[in-house]
Amino acid sequence: MENSLTFGEYGKYLNKISEKEQGNAKIIFAALLSSVTKKTFGETENDLIMLPLSPILLSDSQKAELEKKTDAFCGENIPYQYLTGECEFYGRSFFVNPDVLIPRTDTETLVEKALEIIGKEKKKVLDLCCGSGCIGLTVAAETDCGVCLADFSAGALSVTRRNAESLGVADRCEIVLHDIKKDRLDGTFDVILSNPPYIPENDMKTLSEYVKKEPETALVGGEDGLDFYRIITAKYSANLKKGGCLIFECGIHQAEAVGHILETNSFCGVGIKKDSGGIDRTVWGYKK
């Protein structure tokens with residue numbers, strides 16, 4: 001049987017979603033509806049624009065699934081990206097699930113800096129703590145570079161492989177199970193990228209219930225949030241070519257400290273780039 005989503009019902013959904021204050025309610029609802037109807041996000045947005053004149057027809061199972069996903073978002077505080085299995089990053093669609101952090105627009109600042117440094121050259125790139133692969137795979141998609149992506153989580157690497165295939169860059173990507181706290185990868189690279197865990201331990205309790213649904217091991221960076229910066233900078237300098245660049249994403253108020261870590265490990269040309277919100281987000285340095 002078929003049900004119809006009316007304009008009045010749409011308004012009720014939006015009010016319910018808006019109460020959670022997790023972003024634009026229209027975008028969130030469109031994403032949930034798109035995942036239910038299997039239409040593209042753009043098609044779903046157009047359907048919603050026409051909703052006052054033309055109700056959206058849904059099957060009983062689709063209507064039930066839409067209710068279930070909306071309840072999970074509003075009642076269980078599950079990020080809508082996990083419910084849809086999809087997140088846009090740098091203009092591309094990435095598969096996501098609870099094994100990985102949800103890509104954020106802030107991280108595009110790191111990608112922009114990496115692409116600026118790489119230019120038109122074919123370089124070897126390493127993405128440490130790769131998670132969904134959004135950073136390294138975007139670099140692979142935007143350049144001719146070969147990219148190695150490493151993470152200690154087998155679940156995360158399964159997501160990375162799926163994204164590499166869907167983006168058509170798997171042939172230029174090496175995906176490696178690796179714990180940076182235990183050992184160091186072999187190989188020499190022109191550029192090393194990392195968005196490591198950087199939330200201080202005591203700050204975890206202040207995070208929203210939605211962020212707490214993301215993997216804690218990908219969030220917490222030790223007592224002061226800087227553990228992974230110290231490990232990567234000290235250990236992976238050996239993997240960089242002379243003149244090679246190490247680029248980090250960092251949290252709010254961390255950029256100066258991360259820059260100091262780079263400088264004390266003999267990196268030069270240390271720089272900081274703000275994200276679109278005006279926060280110092282990306283820090284880099286060059287191996288002498």
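## Overall architecture

The protein contains 10 helices and 11 strands. Its radius of gyration is 21 Å, close to the 19 Å that the globule rule gives for 288 residues, so the protein is as compact as a globular protein of that length. The model described here is a predicted one.

Along the principal axes, the C-alpha trace spans about 65 × 40 × 30 Å. Of the 288 residues, 50% are buried. The accessible surface comes to about 13800 Å², and carbon and sulfur atoms account for 48% of that surface. Among contacts between residues at least 6 apart in sequence, 64% join residues at least 24 apart.

## Strands E9, E10 and E11

Strand E11, residues 280-287, pairs with two strands described here. With strand E9, residues 240-249, the pairing is antiparallel and runs over 5 bridges. With strand E10, residues 267-274, the pairing is also antiparallel and runs over 6 bridges.

E10 and E11 form a hairpin with 5 residues between the strands. In this hairpin, Gly278 adopts a positive phi near 85°.

## Thr84 in helix H5

Helix H5 covers residues 80-84 and includes Thr84. The relative accessibility of Thr84 is 17%; because this value lies under the 20% cut-off, Thr84 counts as buried.

Leaving aside residues up to four places away in sequence, Thr84 touches Ala31, Leu32 and Ser35. A polar atom of the Thr84 side chain also lies 3.3 Å from the backbone nitrogen of Glu86.

## Cysteines

With a disulfide defined as a pair of cysteine sulfur atoms within 2.5 Å, the count comes to 0 disulfides. Cys87 is in no disulfide, and the nearest cysteine sulfur, belonging to Cys134, is 8.0 Å away. Cys145 is in no disulfide either; in this case the nearest cysteine sulfur is that of Cys173, at a distance of 10 Å.

Both of these residues are buried: Cys87 has a relative accessible area of 7%, while the value for Cys145 is 0%.

Note on methods:
Residues are numbered from 1 along each chain as its sequence is written. This is a predicted model: local features need pLDDT of at least 70, side-chain atom pairs count only at pLDDT 80 or more; totals for chains, interfaces and linings use all residues. Side-chain values use heavy atoms; hydrogens and water are left out. Helices (H or I, at least four residues) and strands (E, at least two) are DSSP runs, numbered from the N terminus. Buried means under 20% relative accessible area, exposed over 50%, partly exposed in between (1.4 Å probe, protein chains only). A polar contact is a pair of N or O atoms within 3.5 Å; within protein, one must be able to donate a hydrogen and the other to accept it, and residues adjacent in sequence count only if both atoms are side-chain atoms. Contact means heavy atoms within 4.5 Å. Two strands pair if DSSP finds at least two bridges between them. The radius of gyration is taken over C-alpha atoms; the globule rule is 2.2 Å times the number of residues to the power 0.38. Accessible areas come from the Shrake-Rupley method with a 1.4 Å probe; for residues, only the protein chains shown count as cover.
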